[in-house]
Amino acid sequence: MSAVNTSRRQFLQAGAASVAAFSLPINLEAAATNAAETSFAPSAFIEIFSTGKIALTVHRAEMGQGIRTTLAMVLCDELDADWKNVTVIRANGDAKYGDQNTVGDASIFLGWIPLRTAAATAKAMLVSAASRKLNVPANELRTESGFVIAKDGKRLGYGELAALAAKEVPPATPKLKAANEFRIIGKYVASVDLHAQTTGALTFGLDVIVPGMRYALIERAPLPDTKLKSFDAAASKSVAGVTDVFAMESEFMAEGHTYAGVVVVAGDSWSCIEGRRALNVKWQADPASMDSPQIRSALEGAVNKSGTIYRSGGDVDAARSRAKKIIKRRYYTPFMTHAALEPPNCTAHVQGTNENTHCEVWAPTQNPGENRERIAEALKISVANVTVNVTAIGGGFGRKSLHDFVLEAVRVSKRIGAPVKLFRTREDDIRSGFYRSPSMQELEAGIDADNAINFWRHHSVQSSQSSTSDGELAKELAEGELLAGASRLPYAIPNVQFEGTHVETPLRRAWMRGVQEFYHSFAANCFLDELAVEAGRDPLEWRLEMLAPSRRLQFFNSRANTEYWWDTGRMMDLIRRAAALSNWSQPLVWVNGEARGRGFAMHVQSSTYVAMVAEVTARPGGDFSIDRVICLVDCGLVLNPDSARAQVEGAILYGLTSCMSAEITLKDGRVAQSNFHDYAVSRITDSPQMLIEFMSNGKTPTGLGEPCVPLVAPAIVNALANAGLKRRYELPLRELA
Amino acid sequence: MKITLTINQSPQLLDVDPDMPLLWALRDHVRLTGTKYGCGIGLCGACTVHLDGKPVRACSVPVSAVKGAKITTIEGLSRDGNHPVQRAWRDENVPQCGYCQSGQIMSAAALLHQNPSPSPAQMRTAMAGNICRCGTYDRIGRAVERAATYMKEAKA
């Protein structure tokens with residue numbers, strides 16, 4: 001299968017049934033010049049052809065979250081189109097699609113109303129064209145499954161109306177459907193990529209083949225700042241198939257800092273691997289580099305001091321002196337990495353010289369628009385000369401929103417003057433990736449004479465991610481790095497203080513599914529659970545009391561719609577439902593004399609409210625099993641229920657890996673882990689029984705990729721304590737031998 | 001080295017290093033890219049293919065060792081993409097990103113070929129070598145059960 005610019009004609013001929021055809025990276029720019037078909041394109045995203053086929057261009061990256069299917073459902077429903085006529089196309093990085101960076105659970109949140117508006121506009125224009133053609137008032141026409149239908153039963157298909165509709169004036173304010181008029185939204189729909197995904201036909205980045213393409217691997221420096229000393233180019237070149245061996249300097253670019261390395265180019269992947277093995281690279285020693293014990297000491301040193309105050313209310317010091325009991329705990333989480341099963345890779349072709357240089361890339365990227373700008377910047381050419389084709393993505397989790405893997409491929413292609421696929425082995429991915437920062441957090445609270453929490457202090461020490469995104473070393477944490485799960489504490493506690501301290505560490509940091517909320521939720525949910533035990537309170541009832549009365553909370557000044565201010569009433573509903581579903585008031589039945597326990601955690605992220613109950617069995621000697629995870633989700637209206645459920649299942653497994661086994665350490669100035677034996681991820685044998693339920697309140701739909709991830713670790717840790725095991729304050733829970 | 005491999009019932013003449021893992025021969029030389037790279041050392045199962053009907057990790061088998069064997073990849077599992085396991089995978093809407101699913105399907109098909117009625121524990125053991133980072137394991141379990149039913153129905 002080769003990556004070619006499938007023309008629109010080819011795409012139409014391929015038809016809806018030929019899934020493989022539209023799994024190819026399609027370049028619509030090229031297709032647009034081949035406008036043989038009459039079509040009606042009411043927006044950059046929707047095109048209705050005279051054949052009745054409808055193309056939806058999805059500008060958000062599909063990495064398994066189901067966005068292609070869900071947005072197709074939204075379009076189809078609002079347009080009253082026939083599902084089998086809708087085809088989904090991946091947008092390339094063209095600016096006409098707006099921001100395409102697919103991160104932070106924003107695709108539905110930001111996109112569903114604009115898409116519905118565009119679809120309703122198209123529908124109104126189709127109806128208007130039909131009205132003119134049939135000479136029937138528009139308000140006497142209805143739409144259904146791709147037809148405009150008159151009262152007398154006359155029907156005109158969208159295809160035959162397309163050319164006429166294109167001449168109609170778009171309505172100023174198209175009318176959107178009411179929720180009770182949805183026909184597809186909220187129903188089961190199989191994923192649009194399902195056939196290709198189950199036959200090996202879906203083209204991921206690593207599967208792209210461009211005529212004349214060569215392959216490349218880079219032996220990267222052990223750390224981002226390490227410099228190259230020497231390498232044996234001749235030995236590498238003596239490996240059959242190796243054509244080029246050269247050094248590449250590190251380059252610091254915003255979100256794309258590349259390591260120094262030695263590039264091996266060859267005719268196939270295996271020759272690259274063998275050629276690289278022969279390199280015998282020596283790196284300049286970096287004596288100042290910190291290993292994991294020193295990093296931990298630095299974090300501890302920082303948490304021992306006061307941090308910058310990001311939010312405060314009341315008087316924590318005065319409250320401390322009045323407290324009946326003061327509890328202080330520390331929580332630690334290590335570096336972790338995304339480990340998407342498809343390692344980052346990119347195929348690039350740079351042609352021409354000077355200002356006539358053109359660059360085309362094919363990449364599993366979450367961020368094609370910015371990729372395009374960065375490539376243009378790196379090559380000093382106009383963005384118009386850069387095409388970024390987005391392939392299917394074999395897991396992203398934040399890693400593939402960065403630019404390093406794309407920019408490296410562009411540099412290699414430019415240097416060798418040929419198309420090249422730059423791939424990474426798993427070892428490359430684990431050792432020279434981007435990482436979730438380690439964290440050391442101190443939480444302190446007082447319990448007063450009424451058994452209420454009278455103060456709460458949370459100091460979060462972590463490595464800022466802004467050094468990665470802003471291209472310069474961070475001096476302190478950004479406000480958002482505290483808001484993410486720490487300073488947005490919704491409980492009515494009279495005296496609060498949230499502090500943060502940035503500590504520089506040697507590895508690059510970036511977003512990873514769950515982001516900073518992962519460790520903040522872990523600490524805050526575990527601490528609150530322990531406080532409840534200390535105060536002799538039920539953790540659910542206690543939370544309900546501190547959330548009442550139902551109120552709206554805004555933690556920082558923003559222009560965000562008040563609709564997205566936190567709603568403690570929704571949290572209370574969720575807690576009550578979690579209590580009912582888990583039979584919380586009844587103790588778990590012990591089996592074979594083994595202690596069982598359950599733990600609770602609640603979290604709000606991406607304007608989605610989530611509660612989780614974990615049930616565990618504790619074995620003599622401290623071993624344990626996770627029997628069941630109950631997850632309650634309030635993400636407003638659920639557009640694509642099966643895909644939404646899949647997101648929750650996946651988040652539970654992703655959170656489980658981070659809780660149980662994921663740990664990146666630095667030893668002797670390099671990442672100690674290299675593959676799935678020492679960076680273990682959850683397998684089917686680790687998968688707990690899951691009970692997932694969505695609150696159906698019909699509110700505005702919100703994000704779902706991240707919010708369940710940060711709940712898994714605290715729910716499990718609280719359950720282990722509930723089952724009588726020692727309370728844990730550090731992740732991961734299991735150490736690999 | 002020139003070597004002829006039998007892949008999806010057709011002979012393929014390759015000129016490659018005999019030590020080249022079958023995975024790279026399939027992907028780079030035969031251009032069958034449905035078999036995926038995930039770890040390179042047999043830990044993730046993404047490259048699972050059948051060698052004379054038995055599941056192997058193509059990343060860990062050199063081409064010199066598979067001469068004369070019948071190699072089946074995801075592309076050759078069924079003529080029309082409708083092997084009972086593939087159908088079950090679709091009916092359970094298993095994949096998220098889909099990257100690991102070729103390997104998952106090949107492991108499941110091999111399991112059911114060898115044991116048409118695996119217990120849940122046997123199923124988990126057989127599928128434990130296949131990593132899915134999207135976390136589709138619950139659905140994989142259900143899809144294997146469903147595929148077993150489809151295969152029994154076909155025989156009945």
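User: OK, so two strands count as a pair if DSSP finds at least two bridges between them. With that in hand, what is the bridge partner of Lys2(B) in S2(B)?
Analyst: That's Asp15(B). Bear in mind that this is a predicted model.

User: How many bridges join strand S1 of chain B to S2(B), and which way do they run?
Analyst: There are 6 bridges between S1(B), residues 2-7, and S2(B), and the two strands run antiparallel.

User: What sheet do they sit in?
Analyst: An open one with 5 strands in chain B, ordered S2-S1-S5-S3-S4, with mixed pairing. S2(B) (10-15) and S4(B) (54-57) are the edge strands, each pairing on one side only. From one strand to the next, the twist averages 40 degrees.

User: Which helix lies across S3 and S4 of chain B?
Analyst: Helix H3(B), residues 101-114, at about 35 degrees to S3(B), which covers 48-51.

User: And how does H3(B) sit against helix H4 of chain B?
Analyst: The axes of H3(B) and H4(B) (residues 120-127) come within 10 Å and cross at roughly 135 degrees. The two helices are therefore oblique to each other, and the crossing is right-handed.

User: Which residues meet there?
Analyst: On the H3(B) side, Ser107(B), Ala108(B) and Leu111(B); on the H4(B) side, Met123(B), Ala126(B) and Met127(B). By class, that contact has 5 nonpolar residues, 1 polar and no charged ones.

User: Switching to chain A: is strand S26(A) mostly covered or mostly open?
Analyst: Mostly covered: of the 11 residues in S26(A) (595-605), 10 are buried.

User: How many bridges does S26(A) have to S27(A)?
Analyst: 11 bridges join S26(A) to S27(A), residues 608-618, and the strands run antiparallel. Across that pair, Met602(A) stands opposite Ala611(A).

User: What about the turn in that hairpin?
Analyst: There are 2 residues between the strands, and Ser606(A) takes a positive phi near 55 degrees.

User: New topic: where is Ala340(A)?
Analyst: In the loop between S15(A) (336-337) and S16(A) (346-351).

User: Buried or exposed?
Analyst: Buried, because Ala340(A) has 26 other C-beta atoms within 10 Å, and 20 or more is enough for that label.

User: What is Ala340(A) in contact with, leaving aside neighbours within four places in sequence?
Analyst: Gly394(A), Gly395(A), Gly396(A), Phe397(A) and Arg399(A), plus Arg133(B) from chain B.

User: And how are the C-alpha atoms of Ala340(A) and Val265(A) placed?
Analyst: They are separated by 24 Å, with the residues 75 apart along the chain.

Key. Residues numbered from 1 in each chain as written. Chains lettered and ligands numbered in written order. Predicted model: local features only at pLDDT ≥ 70, side-chain atom pairs only at ≥ 80, totals over all residues. Buried ≥ 20, exposed ≤ 12 C-beta atoms within 10 Å, placed from the backbone. Helix = DSSP H or I, 4+ residues; strand = E, 2+ residues; numbered from the N terminus. Axes fitted to C-alpha atoms, helices over the stretch in contact; angles between N-to-C directions. Contact = placed C-beta atoms within 7 Å. Parallel < 35°, antiparallel > 145°, perpendicular 65-115°, else oblique. Left-handed = near helix turned anticlockwise from the far one by under 90°. Nonpolar A, V, L, I, M, F, W, Y, C, P; charged D, E, K, R; others polar.
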